Amino acid sequence: MKNRIIFSLLGFALAFSVSAQDLSDKQRAEIEQRIKPVGEVCLEGDNNCSGPAVAAAGGASAGRSGENVYNTACMACHSTGAAGAPKLGDVAGWADRIVKGNDVLYASALDGIAGTGMMAKGGCMNCSDDETKAAVDYMVAGSQ
Ligand code: HEC
């Protein structure tokens, strides 16, 4: 029984490797493209995701870029304006906030804004302070 399974797996592997050789470079490239992980954005808490969220959780010391953190942790609200979040690129919506200065914006991002959808670090539990600030910088730079 066990052998039968092994043989059929072997047969499959052989058949696959033979047919793989018949593929042109172009076809192979297309297949590689198709079996690549879907998107680089990982949801918070998804430990099976090989993207940036896990890289940081795994102790990467380099730190993620502001854009990277924004895409992972802030975009859900700040790209749509969900719950009244100022949208990335909305110059008018950000103007009143930007005049408060970076320190105030950083504090809002790190501690959250009580009574609003803006949670501490936007709910990103594995974002470092520096990564969160970088995400603020990214949004501010893209909204003025
Ligand atoms: C669940 C939705 C949500 C997520 C996720 C979220 N935000 Fe927010 N954010 C808000 C809302 C809502 C406001 C507006 C709060 C208010 O002033 O009424 C806000 C406001 C802000 C402000 C302006 C603060 C101020 O003092 O005017 C900054 C900066 C900010 N968010 C940064 C971030 C960063 C950085 C992330 C990701 C790490 C993030 N947010 C993720 C909902 C969210």
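Predicted model: local features only at pLDDT ≥ 70, side-chain atom pairs only at ≥ 80, totals over all residues.
Reader: How many helices and strands does the protein have?
Author: Helices (H or I, at least four residues) and strands (E, at least two) are DSSP runs, numbered from the N terminus. Read from that end, the elements run α-α-α-α-α-α-α. The count is therefore 7 helices and 0 strands.

Reader: Back to tyrosine 70: what separates its C-alpha atom from that of tyrosine 138?
Author: Tyrosine 70 lies in helix H4. Contact means heavy atoms within 4.5 Å, and, leaving aside neighbours within four places in sequence, tyrosine 70 has such contacts with Met75, His78, Ser79, Leu88, Ala135, Tyr138 and Met139. Tyrosine 138 is 68 residues away along the chain, yet the two C-alpha atoms are separated by 7.6 Å.

Reader: And asparagine 71, what is the C-alpha separation from alanine 135?
Author: Asparagine 71 is also placed in helix H4. With a relative accessible area of 25%, this residue is partly exposed. Asparagine 71 and alanine 135 are 64 residues apart along the chain, and their C-alpha atoms are separated by 8.9 Å.

Reader: Now the ligand, please. Which residues come nearest?
Author: A residue is near a molecule if one of its heavy atoms lies within 4 Å of it. Helices H4 (66-78), H5 (91-98), H6 (102-111) and H7 (129-141) each supply at least two residues of the shell. Of the 24 residues around the ligand, those that come nearest are Cys74, Cys77, His78, Ser108 and Met118.

Reader: How many residues of that shell are nonpolar?
Author: Ala, Val, Leu, Ile, Met, Phe, Trp, Tyr, Cys and Pro count as nonpolar, Asp, Glu, Lys and Arg as charged, and the others, Gly among them, as polar. By these classes the shell has 3 charged residues, 7 polar ones and, to answer you, nonpolar residues numbering 14.

Reader: Which protein residues are donors to the iron atom of the ligand?
Author: Donors are N, O and S atoms within 2.8 Å of the metal (3.2 Å for Na, K and Ca), and sites may look incomplete because water is not among the atoms. The protein donors, NE2 and SD atoms lying 2.0 to 2.1 Å from the iron, belong to His78 and Met118. Histidine 78 is in helix H4 and methionine 118 in the loop between H6 and H7, so parts 40 residues apart in sequence are tied together by this pair.

Reader: How far is the polar side-chain atom of serine 108 from an oxygen atom of the ligand?
Author: Serine 108 lies in helix H6 and is buried, with a relative accessible area of 16%. A polar contact is a pair of N or O atoms within 3.5 Å; within protein, one must be able to donate a hydrogen and the other to accept it, and residues adjacent in sequence count only if both atoms are side-chain atoms. Lysine 100 has a side-chain N or O atom 2.7 Å from a ligand oxygen. For serine 108, the distance to an oxygen atom of the ligand is 2.6 Å.

Reader: Which residue's backbone oxygen does arginine 64 reach?
Author: Arginine 64 is found in the loop between helix H3 (52-57) and H4, and is buried at a relative accessible area of 11%. At 3.1 Å, its side chain reaches the backbone oxygen of asparagine 126.

Technical notes:
Residues numbered from 1 in each chain as written. Heavy atoms only, no water. Buried < 20%, exposed > 50% of the residue type's maximum accessible area, 1.4 Å probe, protein only.
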